[in-house]
Amino acid sequence: MTHPADPSPASPPRYGYAPGGWPLLGHLPRLAFRPLAFLDSLPGHGDVVRVRMGTRTVHVVSHPELVRRVFTDRRSFDRSGVLYEKVRALLGNGLATCPNAEHRDQRRVLQPAFHPSLMDRYAAVMTAETQALTARWRPGAVVDVTEEAFRLTTAVAVRTLFSAGITPRGAEELREALEVLLRGLYTRVVAPAVDRVPSPARHRYRRALARWRTGVAAIVAAYRAAGVDHGDALSLLLAVRDEHGRALSDAELGDQVATLVLAGAETTSSVVAWALRLLADHPGAAARLHAELDAVLAGGPVTRADLPRLPYTADVVREALRLYPPAWAITRTTTRGTELAGMPLPPGSIVICCLYLLHRRRELFPEPALFDPGRWAAGEVPRDAWLPFGVGAGKCVGDAFGTAEATLAIAAIASRWHLTPVAPRPLRPVPRLVLSPGPQPMRLAERTPGAARSSNCKEQKP
């Protein structure tokens, strides 16, 4: 969807107000039932738009200059306030949720787990798990690619994070608990009062949270007791010492594990599922992808060494990240008086950087609603226009990990399979902690390498 009222790049950012708020509830009904349609309407009212969520006011930002400022001005904008309290109830105080004052030290703790020297080992796990997943597929069968992608990336996260000390059943229980928690967390962020209302959904959420914490604590305890370096991320975290020689506590380890599983599972699975659906809807892009995969892989399995020779595959992932960024709405709270687009913001103001809107601004991306992986090779993407991993000191520590995993998964799947949506429906993204495509049943058909046909990849709207 384009936004006719979007300003030109030379125009100063504008502040505006979202119309149509309800008494007492504000814009919560629209956020709850048609969140993306509501967000799509906001750029017509300004680059920073005031939205009411019940009794709270939030300021939705979609201008590239202002998004960068919010991300990088760490003295004025922090990860604090009621929204982050809800997220910390699930993820703890790990790298993804800690206040700015703790971020540098926590990033130093996690950085060794993403050292380039480990990427070959991680990539081998990624390709092995993709092969194990697709080995269960059969021509003519129908699979939910969203569920399959989540199963894949959770398996990769578990094997790279804690390769020992967890059974397949234990890994499945963690996956099931995480799925319930991620569905429930968005509701709690948008409507915090839901936790005060007894309901079956609240019971399921609390039971899943207890199961998640118990499972992670048991894994950490087993690793401590064994005292063996398994060559995985949890072993690295157990060996970390701060400047005073202090090791991480069990609670701190649990918080970082939650961060790594979320970053390694839910966000990447969303990218893989979106890319597979977009390719199924756009045969020209799929044909160009198949041609590249056939030429490079020649029917063989994909490895990390192939990635530099798969530029179009990487561009498919970039374009899926542009249209449907997993971290689609990132919250900050002002810690001192400041302003955005000329509007004074007192301390405690809630600011939401909406990357979903930023990535669809028409002055930044020609025909922004089109799925067009070719725009990347054409050099059409300006600086600060594409920020799926954030920017500055708070940029995602696992960006290279996630990008490699998504690219390897798409290459492995698309080189062997055609996926066709069953009873295709219009794309209706499901806002959760990440932007999910929702259930996507697709029918499987094996393909023969070399069968790709050339086609113009300029595609229709997703």
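This is a predicted model: local features need pLDDT of at least 70, side-chain atom pairs count only at pLDDT 80 or more; totals for chains, interfaces and linings use all residues.
Hi everyone. Two strands count as paired here if DSSP finds at least two bridges between them.

Let me zoom in on one pairing. E5 meets strand E13, residues 441-446, in the antiparallel sense over three bridges. As a landmark on your screen, find Asp 144, which stands opposite Pro 441 in E13.

Now to the other sheet I'd like to show you. Here six strands form an open sheet, ordered E1-E2-E3-E9-E6-E4, and the pairing is mixed. At the edges sit E1 and strand E4, residues 77-78, each pairing on one side only. As a reminder of the background, strands of a sheet pair through backbone hydrogen bonds, either parallel or antiparallel.

Where does the parallel part show up? Let's begin at E1. Strand E1, residues 15-17, runs parallel to strand E2, residues 48-53, and three bridges join the two. One place to look is Gly 16, whose bridge partner in E2 is Val 49.

On we go to E3. E2 pairs with strand E3, residues 56-61, in the antiparallel sense, this time over six bridges. In that pairing Arg 52 stands opposite Thr 57 of E3. E2 and E3 form a hairpin, and two residues lie between them. What is the phi of Gly 54 in the turn? It is positive, at about 65°.

Staying with this sheet, please click on Thr 334, which is found in strand E6, residues 329-334. Is Thr 334 buried or exposed? Its relative accessibility is 2%, and the cut-off for buried is under 20%, so Thr 334 counts as buried. Which backbone atoms does its side chain reach? One is the backbone oxygen of Pro 346, at 2.7 Å. Another is the backbone nitrogen of Ser 349, which lies 2.8 Å from a polar atom of the Thr 334 side chain.

Last topic: cavities. Which residues line the second largest cavity? They are Leu 133, Trp 137, Val 145, Glu 148, Ala 149, Val 272, Leu 276 and Ile 413. Two elements give two or more residues to this lining: helix H7, 145-161, and helix H12, 266-281. H7 supplies the largest share, three residues. By type, the lining divides into seven nonpolar residues, no polar ones and one charged.

That's my tour, so please go ahead with your comments.

Key:
Residues are numbered from 1 along each chain as its sequence is written. Side-chain values use heavy atoms; hydrogens and water are left out. Helices (H or I, at least four residues) and strands (E, at least two) are DSSP runs, numbered from the N terminus. On a 1 Å grid over the protein atoms alone, a cavity is a set of points where a 1.4 Å probe fits but cannot get out, and a pocket is an open set with protein on both sides within 12 Å along at least five of seven lines; lining residues have an atom within 4 Å of a point. Ala, Val, Leu, Ile, Met, Phe, Trp, Tyr, Cys and Pro count as nonpolar, Asp, Glu, Lys and Arg as charged, and the others, Gly among them, as polar. Buried means under 20% relative accessible area, exposed over 50%, partly exposed in between (1.4 Å probe, protein chains only). A polar contact is a pair of N or O atoms within 3.5 Å; within protein, one must be able to donate a hydrogen and the other to accept it, and residues adjacent in sequence count only if both atoms are side-chain atoms.
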